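Okay, thanks for coming, everyone.

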Amino acid sequence: MNLSRKWLNEFVEIDANDKDFAEAMTLSGSKVELTHDLGEEIKNVVVGKVLSQVRHENSDHMWICQVDVGRGEPLQIVTGAQNVKVGDLVPVALDGSLLPGGKEIRAGKLRGELSNGMLCSFQELGLDQRDFPSAYPDGIWILSDDPELTGLTIGEDIRTAVGLDDHVVEFEITPNRPDCLSVIGLAREVSSTYDVPLKLHQPVVKGGGDGVLPELLDVETPNPELCPRYTARMVRNVKIGPSPKWMRERLRAMGVRPINNIVDITNYVMLEYGQPMHAFDYRYVNGGKIIVRRASEGEKLTTLDGKEHTLTANHLVIADEGRAVGLAGIMGGLNSEIVEDTADVVFESACFDGTCIRKGALALGMRTEASAKFEKGLDPMNTLPAVDRACELVELLGAGQVVDGVIDILNYVPQPTVLKLEPEKINALLGTDVPMAEMTAILKKLDFAVEGDQVTVPSWRGDVKEMADLAEEVARFYGYNNIPTTLMRGQTTLGGYSPEQRLEQRLGSTCRACGYDEIITYSFISPTWYDKIGWPEKDFHRKSFKILNPLGEDTSIMRTTTLPSMLDILARNYNYRNKDVRLYELGRVYLPGREDGLANEAKELTLGAYGEGFDFYDLKGVVEAILKDIRAEDVHFEGSLGAPGDASYHPGRFATVWSGTNQVGVLGQIHPNVAKAFGVDGELYCAELSFDELMNARGAGAEYVPLPKFPSVTRDIAVVCDEAITVGALEQAIRRGARGLLKEVALFDIYRGKGIDEGKKSVAFNLVLRSDDRSLTSEEADEDVKSILAALEQDCGAKLR
Amino acid sequence: MKEQLAKIKTEALAAFEAVASPAALDELRVKYLGKKGELTAVLKQMGRLSAEERPAMGALANEVRSSLEGAIEEAAKKLEGAAMEARLKAETIDVTVPGNTPKQGHKHPMYIALDEIKDVFVGMGFTVLDGPEIELGELNFDRLNAEPGHPSRDWSDTFYFDTDERVMLRSQTSPMQVRAMDTMPLPIRIIAPGRVYRKDEVDATHSPMFHQVEGMVIDKHVTMADLKGTLNLLAEELFGKGTVTRFRPHHFPFTEPSCEMDVQCHKCGGVGCPTCKGEGWIELLGAGMIHPNVLRMAGIDPEEWSGWAFGMGLERTAMRRFKIADLRLIFENDVRFLEQF
């Protein structure tokens, strides 16, 4: 909402500068976005009088003028314009002046003749033909030719001379305060903020136009719930023409383009009263009858902007007996537009149902200034003063004759809100000690009627419904920053983190300790990503929450896997040529199937990595570290169980991760085709671990185990076995063969090649044997190793090398 | 004899003093103290002395011996020290060669900022809650007192999963207020960080997915002064002691009175600069006293209980905290960005 400070001053006189004004209003609740000095780009431009004019000797089109600018000797100024004559008053940009767009004017020579400045056109002053309809469009602006520019003095600053001396303040008005979408509404806030009286004006209409209103016009509201109030007046013998300069200036300051006197009046009243107005040409209201009704299905209407709309029964229209002539509360119809030869005008000042207008405007994709006001819920008490103000302005402008009387259909019973003023409750809520008298004074300034402890809320303050609302009014003008700052008292609460949150923190620190950086990715993905990660077409895991109104296909479904998000980020880093990338994300997936229609938002810990020499075992080591950190028990790794999602991985470099009988997740090298689909031609590695399963896998807390009292014996063994035998199987055999003394088994070498037959491999382990109650003898250790070797041979066909 | 001893002593001490290697020292030791050494040779003459002369001469001889032994020890120490010094010198390395840094992972800057916020509130007895992002429209709007026509419900602003607007992506963390009221015993002190979604195209300051932290207190005798006190504390924790704040009236459907808190621009101290867009203040969060309707809908009597709540955007806080100019960096996850924090 823009506010002209000149217009504001008509209601409440404030001379604070823009910065102070903005701050004061912001702190009392009307937030100022910015302030704007309309003439701020113009400096050192004055009204000058052309005293003489002679041809430039070295030019066939230039003139040398002597111009009186009210400062001693006349100035010599050269101009190329042809419309200047002696005696004209013109805008003169002096030496060192500034024009809009940062243009600087300096004295200089033009073809040998000194020019001490420049004569200006209105365009050079940043103006538009609509601002000064009578100005000559193609040359210097002859101020003395404009009958509206009276009382000009030579040497006067051009900004005050032509009305560019206004300041505009742009407010952010919150949706609960539609009353502040008007000059008067804001003036009331200003008056309370500065404690300066608000001067309201009661419109006075002389009337006397031809005819009797009820005979000329009849209004019906067959859907009273959608039209709480409909007020209308008529003007006859209208003379359409431009509106006067003062009105155009104000409209322009508020960001509204002047059109003609009648249309400008409707806009002026809307800005001043916050009441949207519509004017239509009476001759196109067939039968002199206005019906405010729901549109019929498929009914067509072309609005003032020239667009044709097909309507539904959800739209409210203003119609005559035969057809719609306007979209109620949104925009008028082209068929009843005010034109050059309009003679009789109907002014409509109505209150429509906010929800109906909002939905109608939304469905047509045409939110207008009027609809934006209606949808917030307007004050039905405002329609009458607004229509009277419009008629008063018609008479003031001599734009027509107002017919006596008003059509005023009231479909609601006005019921003012009355609240009890309870200062102790307000103070208890705010933590203040504001006396009742001060509260009363604040409310009265805002036009609340206060009698004793009874507060009557004004009709335009539909947002004030109970004590807390009154508390806010008190707080706003008492000053939010005058409320003390205290710390909470009351019962102590035991805050802190849940076990889940602690596990999250723990997983994050392990990942970082292993060199992995944390990432954050979008929860929504493109459905094509399921194809990219190689999921089978019919896989039920593809069933996702689908956003009905997404920003785009790319962000249209809620992911059921975090894998593609990780691959996307790996690929991006890969394309940026970042080396040795290690990433992790603790993020959610969104699985459908819950009874309440919401998602099972399971968390996943996803790891992703690539880099020179990075292989499966590097990633597996991190997964092992994570599981070890949470003291997971019975951790083991197996091959694929044939889950559809495994298709994202290299079939020969993939493992499922287990703790006991629970699958915690998967890890492996990404299938080269999948990597390629993400634009990566190198090896990518990922692990996906279920947070819930990690939660389950957490082992018991640490408990001290006494340090060994007796020395251990170590033995290295190397066995030769078939290539197909896994290290896991060998380890299992070792453990089976051990006879209670084996404490640790550690793989230390796998060898293929010279000395080992084709299709075989040599695997070497380091064994640690120890007894808890005696020093082992070499013989005892050898006995155990013998038994282990026997088990290796029996279970795996592995022979001592 | 006396002269002989004195001469040996003088010569030997000078020789030990000048010795250059352990081998040479050993030779000298043999030369003076060995079985056939010079001192031994002199001592062998002791027999020839008279009984009166013998004790004095004996004492003198012993004194010479022990002083030679002491000198040898000292010389040996000196040689050892020199050897060590030489060895260490030979082992000198170039300390400007870069260290072998183990690769360390980095927490995402946004979560660094979030953890700071969590710590402040956990320290004040707040519980940290997690909640669903796919949320009921009822909790995101109705239970938060947002009227049916409220602009935030527009399909141009909020993502929906059904035409009835029953299930949606939460547009704020505020439904966590309702979830807390519905499930927790009074009094309540919670914060609830998480992802929220709004239909904004991606640019330097907007993202369709971003993060908020919600905070809420419900207790007897909770006041707006408490709200101000607590949020001032938060501002000081985040931006340093003495951070200046101001509170402006604002409007949210679920708080009354409502406010926004600004922090005085750290860069210009409130005068106005590009960082604060000339305003001198930077908006930090929205807050207010919980609207009595919201309490009533949760079955809490507003006559008995009151509360306050706030919601703040995390991205903006992290961006301010780390001077990150473009929001897109947060979700781009370029390691050259991540590894700066």
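Let's start with strand β21 of chain A, residues 345–351, which is mostly covered: seven of its seven residues are buried. Keep in mind that this is a predicted model.

Which residues make its covered face, and which the uncovered one? Trp63(A), Cys65(A) and Val67(A) are on the covered face, and Ile64(A), Gln66(A) and Asp68(A) are on the uncovered one. β4(A) runs antiparallel to strand β3 of chain A, residues 43–55, with six bridges joining them. It also runs antiparallel to strand β5 of chain A, residues 75–79, and there we have five bridges. Ile64(A) is a handy landmark here: it stands opposite Val54(A), and it also stands opposite Val78(A) in β5(A). The hairpin of β4(A) and β5(A) has six residues between the strands, and in it Gly70(A) takes a positive phi near 75°.

Speaking of glycines, there's another one just after helix α2 of chain A: Gly29(A), with a positive phi of about 110°. The helix itself covers residues 18–27, and its buried residues are Phe21(A), Ala22(A), Met25(A), Thr26(A) and Leu27(A). What do those buried residues pack against? In chain A, they pack against β2 (31–37), β11 (167–172) and α4 (183–194), and in chain B against β6 (245–252).

That brings us to the contact between the chains. It takes 77 residues from chain A and 72 from chain B. On the side of chain B that touches chain A, helix α8 of chain B, residues 224–239, gives the most, with seven residues. By class, that side of chain B has 34 nonpolar, 18 polar and 20 charged residues.

Next, a helix pair in chain A. The axes of α14, residues 499–513, and α17, residues 616–629, come within 10 Å and cross at roughly 140°. That angle is why α14(A) counts as oblique to α17(A). The crossing is right-handed. From α14(A), the contact uses Arg506(A), Leu507(A) and Thr510(A), and from α17(A), it uses Ala625(A), Ile626(A) and Asp629(A). By class, that's three nonpolar, one polar and two charged residues.

Last stop: Ser690(A), in strand β35 of chain A, residues 685–690. Buried or exposed? Ser690(A) counts as buried, because it has 20 C-beta neighbours inside 10 Å. Leaving out residues up to four places away in sequence, Ser690(A) touches Ala602(A), Glu604(A), Val664(A) and Gly665(A). And Val666(A), 24 residues away in sequence, is 9.1 Å from Ser690(A), C-alpha to C-alpha.

Okay, that's my tour. Over to you.

Methods: Residues are numbered from 1 along each chain as its sequence is written. Chains are lettered from A and ligands numbered from 1 in the order in which they are written. This is a predicted model: local features need pLDDT of at least 70, side-chain atom pairs count only at pLDDT 80 or more; totals for chains, interfaces and linings use all residues. Axes are lines fitted to C-alpha atoms, for helices over the stretch in contact, and angles run from 0 to 180 degrees between N-to-C directions. Helices (H or I, at least four residues) and strands (E, at least two) are DSSP runs, numbered from the N terminus. Angles under 35 degrees count as roughly parallel, over 145 as roughly antiparallel, 65 to 115 as roughly perpendicular and the rest as oblique. A crossing is left-handed if the near helix is turned anticlockwise from the far one by less than a right angle, and right-handed if clockwise. Two residues are in contact if their C-beta atoms, placed from the backbone, lie within 7 Å. Ala, Val, Leu, Ile, Met, Phe, Trp, Tyr, Cys and Pro count as nonpolar, Asp, Glu, Lys and Arg as charged, and the others, Gly among them, as polar. A residue is buried if 20 or more other C-beta atoms lie within 10 Å of its own, exposed if 12 or fewer, and partly exposed in between; C-beta atoms are placed from the backbone. Two strands pair if DSSP finds at least two bridges between them.
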